[in-house]
Amino acid sequence: MPEMNSDIEKNALKKLFLNNKRDIDVFVYESIDSTNTQAKHLFKRDGKDMLICSKMQTAGRGRSGKSFYSPDKTGVYMSVVLHGEMPLTVAAKATTAAAVAVCQAIEELTDKKPQIKWVNDIFLDKKKICGILTEAVPSENRNTADGLIIGIGLNVSTESFPDELKDIAGSLDSEEIDKNLLVFHICDKLLKYSENLEDPSVIEKYKARCLVLGKKITFSKNGETFFAYALDIDKNGGLIVKTENGETLTLNSGEISIKI
């Protein structure tokens, strides 16, 4: 298990949460394999909500087993741990809430207007700047979770990307933004939304920032690729699409492609 870093960043974050009267455990690391992986190790520590951050990740994880590029000191790599039994159907809405929280935090601290590519990517200037990975902590009941781990990787000032990412990845392009404030705003908003993940206003905020609605997309199902139009987001965060043959479907997971 990596050594915990107790530098000014941790103290600054704790002060922000204390000033906001929010009791949460804060862990900050110089380097870690994955904040979500560490969150799993710490999950049963004391039953309190947690924030785990690292200045870099050596094995950052994305959805569907993909990796997330996490170079040193150029991004925000964080996981929010939520305790409490909840239905898996509700847990699925946490990604939606996290996407809204990230966008709102950026909007409040900068003059930028990020958008959401369903289901879990944040885009700015036609490039992906943030990914979200939500993992449920399983309970003995197959239909519920004992809690959630919501991982967020956000490129803040990253300029150089591997060849396979350089055409699709971007960043906030901001070295002046206070990362402590950015992390705090994201986490604080997500914690507020988590108090009622059924709140329909979260979906409305998500839809207002969703870049795929009204656009032509492609998606895969049973090994076959389909072309469709993205019509709406349902109350559970599913993407409602209309295929070329007129069939209306709701996509609840998976990857879509769009000409951005």
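Biologist: Which helices each supply at least two residues of the lining of the largest cavity?
Modeller: Those are α4 (94–109) and α6 (200–208). Keep in mind that this is a predicted model.

Biologist: Which residues line the largest cavity?
Modeller: Lys93, Thr96, Ala97, Tyr193, Leu197, Asp199, Val202, Ile203, Lys235, Asn236 and Gly237. By class, that lining holds five nonpolar, three polar and three charged residues.

Biologist: And how much space lies in the largest cavity?
Modeller: About 50 Å³. The search of the whole structure turned up one cavity of 30 Å³ or more.

Biologist: Which element gives the most to the lining of the largest pocket?
Modeller: β6, with six residues. The elements giving two or more residues there are α2 (35–42), β3 (75–87), β5 (121–124), β6 (127–138), β7 (144–155) and β12 (256–258).

Biologist: How does the lining of the largest pocket split by class?
Modeller: There are 15 nonpolar, 13 polar and nine charged residues in the lining of the largest pocket.

Biologist: What volume does the second largest pocket have?
Modeller: About 350 Å³. Of its 16 lining residues, Ala92, Thr95, Val119, Asn252 and Ser253 are the closest to the centre. β6 again has the largest share of a lining, here with three residues. α3 (88–91), α4 and β6 each supply at least two residues to the second largest pocket.

Biologist: Change of topic. How many aromatic pairs does the search find?
Modeller: Three, over the whole structure. In one of them, the ring centres of Phe17 and Phe184 are 5.1 Å apart and the planes are at 70°, so that pair is edge-to-face.

Biologist: Where do Phe17 and Phe184 lie?
Modeller: Phe17 is in helix α1 (residues 8–19) and Phe184 is in helix α5 (residues 179–194), so the pair ties together parts 167 residues apart in sequence. Both Phe17 and Phe184 are buried.

Biologist: Why is the pair of Phe219 and Phe226 called stacked?
Modeller: Because the planes of Phe219 and Phe226 are at 20°, with ring centres 5.4 Å apart; the cut-off for stacked is under 30 degrees. Phe219 counts as buried at 3% relative accessibility, while Phe226 counts as partly exposed at 25%.

Biologist: On to cysteines. How many disulfides are there?
Modeller: The count is zero. For Cys53, the nearest cysteine sulfur belongs to Cys187 and is 7.8 Å away. For Cys103, the nearest is that of Cys130, at 8.0 Å. A disulfide would need the two sulfurs within 2.5 Å.

Biologist: Are Cys53 and Cys103 buried or exposed?
Modeller: Cys53 counts as buried at 8% relative accessibility, and Cys103 counts as buried at 0%.

Biologist: Last one, the whole chain. How many helices and strands does the secondary structure come to?
Modeller: Six helices and 12 strands. The radius of gyration is 18 Å, which agrees with the value near 18 Å for a compact globule of 260 residues. The C-alpha atoms fill a box of roughly 60 × 45 × 30 Å along the principal axes, and buried residues make up 52% of the chain.

Terms used
Residues numbered from 1 in each chain as written. Predicted model: local features only at pLDDT ≥ 70, side-chain atom pairs only at ≥ 80, totals over all residues. Heavy atoms only, no water. 1 Å grid on protein atoms, 1.4 Å probe; cavity = no way out; pocket = protein on both sides within 12 Å on 5 of 7 lines; lining within 4 Å. Points joined across faces, edges and corners; volume = space filled by probe spheres on them. Helix = DSSP H or I, 4+ residues; strand = E, 2+ residues; numbered from the N terminus. Nonpolar A, V, L, I, M, F, W, Y, C, P; charged D, E, K, R; others polar. Phe/Tyr/Trp six-rings, centres within 6.5 Å; stacked < 30°, edge-to-face > 60°. Buried < 20%, exposed > 50% of the residue type's maximum accessible area, 1.4 Å probe, protein only. Rg over C-alpha atoms; globule rule 2.2 N^0.38 Å.
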